[in-house]
Amino acid sequence: MFKIIKGIKKGSKPEVIEPPPGPNAPSDVTVNHASRSAIPPVQLSNAKSQAIRTPTPQTGVIEVTPMLKDVPINERHVLFIRKVNMCSVSFDFTDALKKVKEKEIKRQNLQELVELVQSGSSKMNEIMQEEMVNMISVNIFRPLPPQAFENTGAIDGDPEEDDMYLEPSWPHLQLVYELLLRYVVSPDTDTKVAKRFIDHSFVLNLLDMFDSEDPREREYLKTILHRVYGKFMIHRPFIRKAINNIFYRFIFETERHPGLGELLEILGSIINGFAVPMKEEHKLFLVRALIPLHKAKFINYYHQQLSYCITQFVDKDYKLADVVIKGLLKYWPVTNCGKEILFLGELEEILDATQPAEFEQCMVPLFRQVGRCINSPNFQVAERALFWWNNEHIVDLIAQNRDIILPILFAPLEKNIRGHWNTAINGLTGNVRKMFIEMDGDLFEECSNQFLEKEAMANKMLEQRELNWKKLEAIASESAGDDMVMVN
């Protein structure tokens, strides 16, 4: 769920804060712009390379200043810039007793800026907007500490066992994120002006921050990026490609990213808005990025959001069901029972939106895998597979193709009834078997006869094999005489 933004408070007509004329004009005002150091451009396919600008924190005097509402309009421009520059100063929050007064002054200034933007009582000019975005960049775009698995050197450590990191500067950082959010969603923010500051470099830096291990920060980033995507249409293709690159790096290199769930949640909303018929680039994104995300070991941390994105594609275009199902079968887990249960649940949701024509294209490999799941020694996997027969749409699809599906499933069902260790699985298997009998008794009888014939043939081959071994032993015994030693 995205954060609900409170409505802008109604009030008097917004006052435009402009630079004062005369001796206090902007030419006489010294403005300390946050310096930005250029980093080598980041390449995106079919997109212009953008240099990521990393503002440098300010160092200056922090002092108490009057509130903006208490000074004349012609002086507010200078005071606003002054407050923004003070908010650009960074503090060490690892020591709670260090510069307590300065930290409180900065917090109050940030709170005042948030209230100013939220109320819409004063309209900022272009210079003020640029300075404010620079200040936001100074505070947000910072080096992140090493993640837990990087400190320990573990390669396959469980993220659930890693200690959750909470950003110590959050009392200030939260207000900065709130200020950015209010600025983006404000009806007074002109996208033609704001896109000069919230550009591709800013978006890339914002995406980098999704690597934060603090869930509070990722929640704000999710909401802000979603609002940026909605408001700045010019950034939409760039944002999709940038997220695509994050997924590629996760799939082929790291398999570690704390913010993957939040990024997928944003994508779920984006996919929901795709027009039909779907563009080819969106289908490629499904095949090359979303489906391969299933191969990661710790998929349970983002599977719910991933499954939602996948089902949205199938809901938009039912012809994609065959591609998705075969893709899941390609990445089917071999030894991870927890992942198998997740896959079975996701497949059930996909089959709910699958039409008969697409079902027929993938039903043979699909139900071969289901048969293996039914025979799984892990009763939860077997139970989840057998629960498919509680879904009316799936049962209807099976009934329409029973002449192909029942011969595939007959042996696994019979094996469960004869010898599965869990009594609950035996009962569920019996119920499924009964449903097949009710669907087509003659077909069931035919499959039963074929199964018995195959079983008899297999037993005969086993007996013949044992007989051949005995003959070989006899021949060897005659050739070797008393020197032969039999090993059982």
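This briefing covers the nonpolar cores, cysteines, salt bridges and one loop serine of the structure above. The model is predicted. Its largest nonpolar core has 122 residues. The salt bridges come to 20, and the disulfides to zero.

**Nonpolar cores**

- Four residues touch the most other members of the 122-residue core: Phe247, Leu290, Phe367 and Trp389.
- Helix 5, residues 170-185, supplies the largest share of this core, with 10 residues.
- Another core lies apart from the largest one and has six residues. Among them are Ile62, Val89, Phe91 and Phe93.
- Beyond residues up to four places away in sequence, Trp389 touches Phe367, Val370, Ile374, Val395, Ile398, Leu409, Val432, Met435 and Phe436. One of these partners, Phe367, is also among the residues that touch the most other core members.

**Cysteines**

- A disulfide is a covalent bond between the sulfur atoms of two cysteines. The structure holds zero of them.
- Cys87 has 0% relative accessibility, so Cys87 counts as buried.
- Cys447 also counts as buried, because its relative accessibility is 5%, under the 20% cut-off.

**Salt bridge Arg142–Glu167**

- Arg142 pairs with Glu167, and their closest N and O atoms are 3.2 Å apart.
- Arg142 sits in the loop between helix 3 (126-140) and helix 4 (148-152), while Glu167 sits in the loop between helix 4 and helix 5. The pair therefore ties together parts that are 25 residues apart in sequence.
- Are the two partners buried or exposed? Arg142 counts as buried because its relative accessibility is 14%. Glu167 is at 10%, so Glu167 counts as buried too.

**Salt bridge Lys283–Asp317**

- The side chains of Lys283 and Asp317 meet at 3.9 Å, N to O.
- Lys283 belongs to helix 11 (residues 280-290), and Asp317 to the loop between helix 12 (303-316) and helix 13 (321-330). The bridge thus ties together parts that lie 34 residues apart in sequence.
- Lys283 has 24% relative accessibility, so Lys283 counts as partly exposed. Asp317 is buried, with a relative accessible area of 16%. The two fall into separate classes because buried means under 20%.

**Salt bridge Arg402–Asp440**

- Arg402 and Asp440 form a salt bridge through their side chains, at 3.2 Å from N to O.
- This pair links distant parts of the chain, 38 residues apart. Arg402 is in helix 18 (residues 402-419). Asp440 is in the loop between helix 19 (423-439) and helix 20 (441-480).
- Both partners are partly exposed: Arg402 has 29% relative accessibility, and Asp440 has 21%.

**Salt-bridge network**

- Which residues are linked in a network of salt bridges? They are Glu414, Arg418, Arg433 and Glu455.

**Ser376**

- Ser376 lies in the loop between helix 15 (356-374) and helix 16 (379-386).
- Ser376 counts as buried because its relative accessibility is 8%.
- With its neighbours within four places in sequence left aside, Ser376 is in contact with Val381, Ala382 and His420.

Conventions:
Residues numbered from 1 in each chain as written. Predicted model: local features only at pLDDT ≥ 70, side-chain atom pairs only at ≥ 80, totals over all residues. Heavy atoms only, no water. Core = buried A, V, L, I, M, F, W, Y, C linked by side-chain atoms within 4.5 Å. Buried < 20%, exposed > 50% of the residue type's maximum accessible area, 1.4 Å probe, protein only. Helix = DSSP H or I, 4+ residues; strand = E, 2+ residues; numbered from the N terminus. Contact = heavy atoms within 4.5 Å. Disulfide = S-S within 2.5 Å. Salt bridge = Lys/Arg side-chain N within 4 Å of Asp/Glu carboxyl O.
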